[in-house]
Amino acid sequence: MLTLKSAAMALALTTAMAVPAIAATMRWAPQRDIVSMDPYSYGDTFTLSVLNHVYEGLVRYDATLQIEPALAEKWEVVSPTVWRFHLRKGVKFHDGADFTADDVLASLKRVSDQTSPLRGNLPAYVSSEKIDDHTVDIHVTENYPLLLNDLTNIHIFDQGWLVTNKAEAPTDVAKGVEGYATSHANGTGPFKFVSRKPDVETVFDVNPDWWDKRQHNIDRIVMTPITSPATRVAALISGEIDFTNQAPLQDIPRLKASSNVKVLSNNELRTIFLVMNQSPKAFESDVTDKNPLQDIKVRQALYHAIDADAIQKVVMSGLSRTTGSLVSPAIPGYVPDLDKRLSYDPDKAKALLAEAGYPNGFSFSFLCRNTEFVNEEQICQAVTAMWARVGLRPNLNVGPTTIQDAKFDTMQFDVGTLGWANEPMLDSYSILVQVVHSKTGNAGVFNWGGWKDAEIDGLIDEAGRTIDRTARLELQSKALQRANDLSMFIPVHQQPMAWAVGSNVKDVLQLSDNKARHWLTHMAE
């Protein structure tokens, strides 16, 4: 049976199954393409999940989302500010180069650079030091408890490859900064990069020299983005593709009715919420002397005007989980008391707008994507109509992820959508340090709203140096409570994940982080 009842069962089935000795191609059709072959180019979960097939970190999550050794065999805490990692010997990059400590140092330097979009994934990193060819010390801020979680998605590059190809500097999708690593790859992972035509096809072949034991029977992955939901569904039913990690919600009944398609669905870790720009003046509004969104009454009015239950039933086909929390129940730091939404109350919204001095509403830009989150464009259209009913005049701006995220990064918006799964950290500290904290050093990289709150920053900073887990999570809960009290964001839901596979796929592992791990996938014999 394809639908796995637990990650433990999935692991048992995977490890127990013999790997057939036949060649097998996995034809993967996502809704959109990855943004780059460079895993440091942008904090895009889907891109990172695909590149996990090519690149690896010092540690990784196993089939039960527990941390296990990867390129590092073991580690220990040497002091409150130093972690020592003992590297795996005999590992080779896809071009045949040996994996050593120099590669770790070069990778950490590149990802932590102030121009790196992924530097926020290592919020406590200070420096690294080579002890010998297979031992590295990583220096962090004092008593930082979550370094291993952070390192699960810090991919390791070959230093020589970076130098030879003048790729030592980070690339940045949002700012249009490209380089050799944008379109080439050289990792240590279970699959090798073969070729790429952006938005058309990306091909990976199995790495026969992978250091780990092969538990899959895939020899080639051909990833072909299909943006049209109808075309993607038709391709699945006809057998033209084998797998999609983005089955259209509205077509799930049709897919389930097909004899040669199986559907896996659940709620993922990602929470979708709205961000409100806190700049002194609005970006695009008929209020030209100030920014109405700096007024808590206005932010609460926008919140009260949204009928989240209607979005859940109509837009999300009843498959999302309506929430008042910025983190899902599965994430450490979740507090049930913070999962209560402000009520859907259009009259209350109108009254708050009037109290704030906007009885006739105001105009503002509403920035959304059409290729990022599940049914994001439809969500934005529904919210736009709801706001219009209380007298607001949102100007909906919808476009591809790469174009829209550049606008988010430069704060060229008033209100916009954001989704956060707290990956790879799998802890509420992730969203707090990267989204809620003010832009300071490695913190606040995705604080697109420009929030600055000393009390919240203090709570987050203290949590980041608190070893005791209970005490740390209590600090994080207080920070989340203050974010709620200020109505900094408008939570909408934890989005559903729906995968579909054709009859050529025997089993595939689906976990709540919504990442495909095809090094654990089996094709039919």
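The structure, a predicted model, holds two cavities of 30 Å³ or more. The largest cavity contains about 260 Å³ of space. Its lining is made up of 21 residues, and those nearest the centre of the largest cavity are Asn-52, Arg-60, Tyr-61, Thr-152 and Trp-519. Rolling a probe the size of a water molecule over the atoms shows where empty space is left.

The side chain of Arg-196 forms a salt bridge with that of Asp-33, with 3.1 Å from N to O. This pair links distant parts of the chain, 163 residues apart: Asp-33 belongs to the loop between strand 1 (25-28) and helix 2 (45-51), while Arg-196 lies in strand 8 (residues 191-197). Are the two partners buried or exposed? Both Asp-33 and Arg-196 are buried.

Glu-355 and Lys-297 form a salt bridge in which the closest N and O atoms are 3.5 Å apart. Here the pair links helix 11 (residues 346-355), which holds Glu-355, to helix 9 (residues 296-304), which holds Lys-297; the two residues are 58 residues apart. Glu-355 has 52% relative accessibility and therefore counts as exposed. Lys-297, at 32% relative accessibility, counts as partly exposed.

In the other pair, the side chains of Arg-321 and Asp-339 meet in a salt bridge with an N to O distance of 2.6 Å. Arg-321 is in strand 13 (residues 321-322), and Asp-339 sits 18 residues apart from it, in the loop between strand 13 and helix 11. Elsewhere, salt bridges that share partners join Arg-32, Asp-44 and Glu-372 into one network.

Four strands form an open sheet with antiparallel pairing, in the order 4-5-7-6. Why does one side of strand 4 and of strand 6 lack a neighbour in the sheet? Strand 4 (72-79) and strand 6 (125-132) stand at the edges and have a single partner strand each, so one side of each is left without a neighbour there. On average, neighbouring strands of this sheet are turned by 20° against each other, direction ignored.

Within the sheet, strand 5 (residues 82-87) and strand 7 (residues 135-140) run antiparallel and are joined by five bridges. Phe-85 has Val-136 in strand 7 as its bridge partner. Helix 3 (residues 101-112) packs on the sheet and touches strand 5, strand 6 and strand 7. The direction of helix 3 makes about 170° with that of strand 6.

Definitions and conventions
Residues numbered from 1 in each chain as written. Predicted model: local features only at pLDDT ≥ 70, side-chain atom pairs only at ≥ 80, totals over all residues. Heavy atoms only, no water. Salt bridge = Lys/Arg side-chain N within 4 Å of Asp/Glu carboxyl O. Buried < 20%, exposed > 50% of the residue type's maximum accessible area, 1.4 Å probe, protein only. Pairing = 2+ DSSP bridges. Axes fitted to C-alpha atoms, helices over the stretch in contact; angles between N-to-C directions. Contact = heavy atoms within 4.5 Å. 1 Å grid on protein atoms, 1.4 Å probe; cavity = no way out; pocket = protein on both sides within 12 Å on 5 of 7 lines; lining within 4 Å. Points joined across faces, edges and corners; volume = space filled by probe spheres on them.
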